[in-house]
Amino acid sequence: MKPRVLITGASGFVGYHLVEAALDAGMEVYAAVRASSNVSHLNHLQVNYVYPDFSRKEALIEMIKEHRFDYIIHGAGITKARSLDEYNKVNAGYTQNLAQAVSESGIPLKKFLFISSLAAVGPIAYDASWPVPDVITPSPVTSYGKSKLLAEEFLGAISNVPWVILRPTAVYGPRERDLFVLFKTFRRGLEPYMGRGAQWLSFVYVKDLADAAILALKAPVSGVAYNISDGNSYDRYALAAIIKQHLKLRTLRIHLPLPVIKIVAAISEKVSRGAPLLNKDKLNELTAANWNCNIDSIRRDLGYQPRYNLEKGMQETLDWYSANKWF
Ligand SMILES: NC(=O)c1ccc[n+]([C@@H]2O[C@H](COP(=O)([O-])OP(=O)(O)OC[C@H]3O[C@@H](n4cnc5c(N)ncnc54)[C@H](OP(=O)(O)O)[C@@H]3O)[C@@H](O)[C@H]2O)c1
């Protein structure tokens with residue numbers, strides 16, 4: 001019988017690639033989605049749909065008992081919200097409910113993989129040595145990061161579930177929407193930056209992340225959190241340079257003054273009804289000096305070997321956007 005994996009957040013960007021990787025690995029996939037989720041892009045894949053309500057632990061226990069999953073990849077989460085409470089409810093509370101449901105179900109799950117974020121650890125000093133040291137004491141600078149760290153702490157308190165945490169840096173690839181907005185801006189001839197401060201950034205191609213997730217399910221490890229990037233360090237202009245070269249673009253580089261951006265963020269926070277694209281909290285992330293991370297542990301323990309650097313991954317991504325008429 002094929003191993004059964006529950007993938008939450010299956011309708012999202014990362015979720016789609018997790019589903020593909022799990023199917024490629026010969027697993028029977030249960031895609032956890034909502035009645036309101038857009039799943040049209042999943043329809044060609046051989047998946048079973050389930051509709052868990054993560055706020056109801058008893059219902060989660062029933063679902064786990066009914067399907068007897070071997071593995072769970074918990075990717076459902078929010079990256080934009082109006083308040084820390086909202087982030088905590090979904091990113092931390094729902095993770096705790098799901099893990100507790102596993103614990104109380106009596107089903108011998110082989111692995112509970114939680115997709116956290118490098119935001120839970122926070123940025124490091126610009127002049128950190130290379131390769132950068134592993135951050136021992138997390139210090140998130142956003143409410144999103146704090147909620148992911150809280151989720152990790154909740155998991156740490158559950159003793160009878162073999163959990164592993166992946167902390168991806170910025171993920172890009174086919175179907176990604178946030179960086180895509182930036183690519184469209186480049187195509188309009190503008191290359192905007194927030195302030196003049198130098199920055200180091202890191203990235204991971206979504207297929208490398210999905211491969212790492214499958215490795216994490218199978219590896220004989222638990223109770224560990226792994227940072228994940230492609231292992232390289234990029235200055236703040238590298239992304240635009242690669243895109244411009246690939247799309248043969250010329251752009252006007254603009255450094256928007258930080259005080260002005262802060263005012264725009266404050267206004268956007270006040271006037272937007274839903275979660276604003278930019279707010280003061282998000283600025284802490286976007287302007288942080290160094291988002292590099294150390295990936296020695298995941299290389300060593302899981303045998304993770306990133307197949308894509310930014311240039312190769314971005315080429316595949318841009319080809320995908322173009323072939324699928326996103327631009
Ligand atoms: N993208 C990145 O750069 C990045 C980096 C680090 C970590 N991560 C983490 O990776 C995971 C996936 O991110 P993504 O970029 O793929 O985001 P995404 O495209 O927005 O997908 C989020 C997924 O979570 C589901 N979800 C959100 N709120 C939910 C709720 N209340 N109940 C049930 N399902 C809910 C969404 O369902 P609907 O389709 O119904 O909305 C969707 O399937 C998240 O946990 C995120 O924190 C992402």
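In this predicted model, a backbone N or O atom of Val-14 sits 2.8 Å from an oxygen atom of the ligand.

| Residue | Atom of the residue | Atom of the ligand | Distance |
|---|---|---|---|
| Val-14 | backbone N or O atom | oxygen atom | 2.8 Å |
| Gly-77 | polar backbone atom | oxygen atom | 3.2 Å |
| Val-171 | backbone N or O atom | oxygen atom | 2.9 Å |

On its own, the ligand has 900 Å² of accessible area, and the protein covers 79% of that area.

**The ligand shell**

How many residues surround the ligand? There are 23, and the closest are Ser-11, Val-14, Ser-37, Tyr-144 and Lys-148. By type, the shell divides into eleven nonpolar residues, ten polar residues and two charged residues.

**Helix pairs**

Helix 2, which spans residues 57–67, packs against helix 3, residues 84–105. Their axes are 8 Å apart, and the angle is about 55°. Angles under 35 degrees count as roughly parallel and those of 65 to 115 as roughly perpendicular; helix 2 and helix 3 are therefore oblique to each other. The crossing of this pair is right-handed.

Helix 5 (residues 178–187) and helix 7 (residues 238–247) form another pair, with axes that come within 11 Å and cross at roughly 55°. Helix 5 and helix 7 are therefore also oblique to each other. Helix 5 passes helix 7 in a right-handed crossing.

**Backbone details**

Some points of the backbone deserve a separate note. The peptide bond that joins Trp-130 and Pro-131 is cis, with omega about -5°. Pro-131 belongs to the loop between strand 5 (111–115) and helix 4.

Arg-68 is not a glycine, yet its phi is positive, at about 45°. Where is Arg-68 found? Arg-68 is in the loop between helix 2 and strand 4 (71–74). Helix 2 is the helix described above as packing with helix 3.

Lys-325 likewise has a positive phi, of about 60°, although it is not a glycine. Lys-325 is placed in the segment after helix 11 (310–323).

Note on methods:
Residues numbered from 1 in each chain as written. Predicted model: local features only at pLDDT ≥ 70, side-chain atom pairs only at ≥ 80, totals over all residues. Heavy atoms only, no water. Near = heavy atom within 4 Å. Polar contact = N/O pair within 3.5 Å; in protein donor to acceptor, adjacent residues only side chain to side chain. Areas by Shrake-Rupley, 256 points an atom, 1.4 Å probe, with all protein chains shown as cover. Nonpolar A, V, L, I, M, F, W, Y, C, P; charged D, E, K, R; others polar. Axes fitted to C-alpha atoms, helices over the stretch in contact; angles between N-to-C directions. Helix = DSSP H or I, 4+ residues; strand = E, 2+ residues; numbered from the N terminus. Parallel < 35°, antiparallel > 145°, perpendicular 65-115°, else oblique. Left-handed = near helix turned anticlockwise from the far one by under 90°.
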